[in-house]
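Hi,

Here's the structure I promised to pass along.

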Amino acid sequence: MARLPVSFHPDRSTAYVSQLGTNDAAVIDMDRFAVIGGFGTGLNPDSSVLLPAGA
């Protein structure tokens, strides 16, 4: 079974999914189950962590 690195915003409205093959992360709106953005990461992102603002 493949591992899918996902982190959720504390209110569960948004998910951040690491994409191993493209070296980026997708931002998913959990109410619409739609990709609403993305951002670049380092090579082969295999985990994700969300930190509070200012941390």
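This is a predicted model: local features need pLDDT of at least 70, side-chain atom pairs count only at pLDDT 80 or more; totals for chains, interfaces and linings use all residues.

What share of the contacts in the chain with a separation of 6 or more comes from residues 24 or more positions apart? They account for 24%, where contact means heavy atoms within 4.5 Å.

Residues are numbered from 1 along each chain as its sequence is written, and side-chain values use heavy atoms, with hydrogens and water left out.

On confidence: pLDDT is the predictor's own confidence in each residue, on a scale from 0 to 100. The chain averages 84, and 85% of the residues score at least 70.

**The overall layout**

You'll find four strands and zero helices, so to speak in DSSP terms: helices are H or I runs of at least four residues, strands are E runs of at least two, and both are numbered from the N terminus. Reading from that end, the elements go β-β-β-β. The strands make an open sheet in the order β1-β2-β3-β4 with antiparallel pairing; two strands pair if DSSP finds at least two bridges between them. At the edges sit β1 (6–8) and β4 (34–40), each pairing on one side only. Neighbouring strands are turned by 25° against each other on average, direction ignored (axes are lines fitted to C-alpha atoms, for helices over the stretch in contact, and angles run from 0 to 180 degrees between N-to-C directions).

**The two hairpins**

β2 (residues 14–19) and β3 (residues 24–29) pair in the antiparallel sense over six bridges, with Q19 standing opposite D24 in β3. These two strands form a hairpin with four residues between them. N23 is partly exposed, with a relative accessible area of 25%. For the cut-offs, buried means under 20% relative accessible area, exposed over 50%, and partly exposed in between, using a 1.4 Å probe and protein chains only.

The next hairpin is built from β3 and β4, again with four residues between them. Six bridges join these antiparallel strands. A26 stands opposite G38 in β4, and the bridge partner of V27 in β4 is G37. F33 lies in the loop between β3 and β4 and has a positive phi of about 50°, although it is not a glycine either. At 65% relative accessibility, F33 counts as exposed.

**What is buried**

Of the 55 residues of the chain, 24% count as buried. Where does β3 stand, enclosed or open? Five of its six residues are buried, so β3 is largely enclosed by the rest of the structure.

S7, in strand β1, is buried as well, with a relative accessible area of 9%. Leaving aside neighbours within four places in sequence, S7 is in contact with T14, A15, Y16, S48, V49 and L50.

H9 belongs to the loop between β1 and β2. With 31% relative accessibility, H9 counts as partly exposed. H9 touches T14, Y16 and L50, not counting residues up to four places away in sequence. The C-alpha atoms of H9 and P52 are separated by 9.8 Å, though the two residues are 43 residues apart along the chain.

On side chains, R12 lies over the face of F8, at 4.2 Å from the ring centre. The criterion here is NZ of Lys or CZ of Arg within 6 Å of the ring centre and within 35 degrees of the ring normal.

Cheers
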